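Here is a friendly briefing to read alongside the model. Have the viewer open and follow the topics in turn.

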Amino acid sequence: MTKLSGRKILLMTDFDGTIAAYRKDPRKVSLAKDMVAILQKFTRQPNLKLAVVSGRGLQDLEKMVNIRGIILAGCFGGVFRDEQGKVHTWEKAPDYFGPVEELAEFFSRSPVFKGVYIEKKEIALTLHYKDLGVKKRREVLKVIEEAREKNPIFNFHVGDKGTEIIPQGLGKGWFIQEMLKKYPDFYPVFLGNDWVDLEGIEVLRGQGLAFYVGDTPPPGSHGLSGLKEVKKLFKKLLAVNQAALNAS
Ligand SMILES: [Mg+2]
């Protein structure tokens with residue numbers, strides 16, 4: 001924390017599992033009231049910038065984090081809205097709008113996808129099937145494999161509960177680099193809880209501070225046990241910043 005006192009801080013955080021508790025249905029996730037109050041405070045202090053970067057689509061994230069003055073980044077950072085509300089996209093994003101539509105349609109046409117929640121985002125897709133039985137899931141995975149072979153421009157991260165389909169070369173690291181360029185005089189802090197956040201932790205190595213919510217923080221990050229500790233950290237950041245403002 002002493003590293004941070006008296007400095008402008010750029011806080012970049014993941015959403016699901018980091019600042020909002022997981023729910024069985026990802027559509028039912030929401031920010032707790034006290035977290036909303038904390039995030040609002042970040043937008044009011046002049047030496048703080050706050051960005052939320054998520055694997056969710058930007059439109060979805062805007063509904064989840066309905067607070068003015070926050071930078072919001074969806075699709076692993078590939079589509080983001082700046083503080084003024086202007087939307088920016090990763091340079092290859094235009095190549096993916098069409099293919100995402102086509103993939104979503106391909107899956108929704110498949111009869112074995114009944115019961116699978118197809119989360120269509122601007123330039124990515126997530127397939128949720130954790131409630132399916134073993135046999136049905138096997139059929140679903142077969143269709144996913146077929147799509148993977150036909151769509152080498154995407155990375156397919158196939159898991160037991162779901163599959164993330166992400167443009168090749170896109171990750172949270174790109175967005176974080178953009179933020180570092182945009183706010184060179186701010187000290188960057190990043191929080192995440194998942195394999196998709198490892199890239200962010202890597203980017204900040206030697207030039208910022210990274211936190212990992214979970215039992216085994218990867219190298220280059222500090223561990224936080226859960227939402228309670230995240231809130232504590234945010235309150236500390238606000239207090240350190242406020243103290244510096246009062247002193248100047
Ligand atoms: Mg997460």
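Leaving aside neighbours within four places in sequence, Ser221 is in contact with Ile201, Ala210, Phe211 and Tyr212, where contact means that the C-beta atoms of two residues, placed from the backbone, lie within 7 Å. This is a predicted model, in which local features need pLDDT of at least 70 and side-chain atom pairs count only at pLDDT 80 or more, while totals for chains, interfaces and linings use all residues. Residues are numbered from 1 along each chain as its sequence is written.

**Around Ser221**

- Ser221 sits in the loop between E11 and E12; helices (H or I, at least four residues) and strands (E, at least two) are DSSP runs, numbered from the N terminus.
- Ser221 counts as buried because it has 24 C-beta neighbours inside 10 Å. A residue is buried if 20 or more other C-beta atoms lie within 10 Å of its own, exposed if 12 or fewer, and partly exposed in between, with C-beta atoms placed from the backbone.
- Ser221 and Phe211 are ten residues apart in sequence, and their C-alpha atoms are 5.0 Å apart in space.

**Strand E11**

- E10 and E11 pair in the parallel sense over four bridges; two strands pair if DSSP finds at least two bridges between them.
- Within that pairing, Val189 has Leu209 of E11 as its bridge partner.

**The eight-stranded sheet**

- E11 belongs to an open sheet of eight strands with mixed pairing, in the order E5-E4-E3-E2-E1-E10-E11-E12.
- Strand E5 (87-89) and strand E12 (222-224) stand at the edges, each with a single partner strand, so one side of each has no neighbour in the sheet.
- On average, neighbouring strands of this sheet are turned by 20° against each other, direction ignored; axes are lines fitted to C-alpha atoms, for helices over the stretch in contact, and angles run from 0 to 180 degrees between N-to-C directions.
- Elsewhere in the sheet, strand E2 (residues 48-53) and strand E3 (residues 71-74) pair in the parallel sense over three bridges, and Val52 has Leu72 of E3 as its bridge partner.

**Helix H5**

- Helix H5 (residues 172-182) has Lys172, Phe175, Ile176 and Met179 as its buried residues.
- These cover an arc of only 100° around the axis, which puts them on the same side of H5; the arc is that of the directions from the helix axis to the C-beta atoms.
- The buried residues of H5 pack against strand E1 (9-13), E2, E3, strand E4 (79-81), strand E10 (187-192) and helix H6 (198-204).

- Strand E6 (residues 117-120) and strand E7 (residues 125-128) run antiparallel and are joined by four bridges; they form a hairpin with four residues between them.
- E8 and strand E9 (residues 162-167) pair in the antiparallel sense over five bridges, and His157 stands opposite Glu164 in E9.

**The whole chain and its domains**

- The protein chain has seven helices and twelve strands.
- Its C-alpha trace spans about 65 × 35 × 35 Å along its principal axes.
- Of the 248 residues of the protein chain, 36% count as buried.
- The chain is divided into domain 1 (2-89 + 171-247) and domain 2 (93-167), with bounds that come from an automatic or database domain assignment.
- The C-alpha centres of domain 1 and domain 2 lie 28 Å apart, and eleven residues of domain 1 are in contact with nine residues of domain 2.
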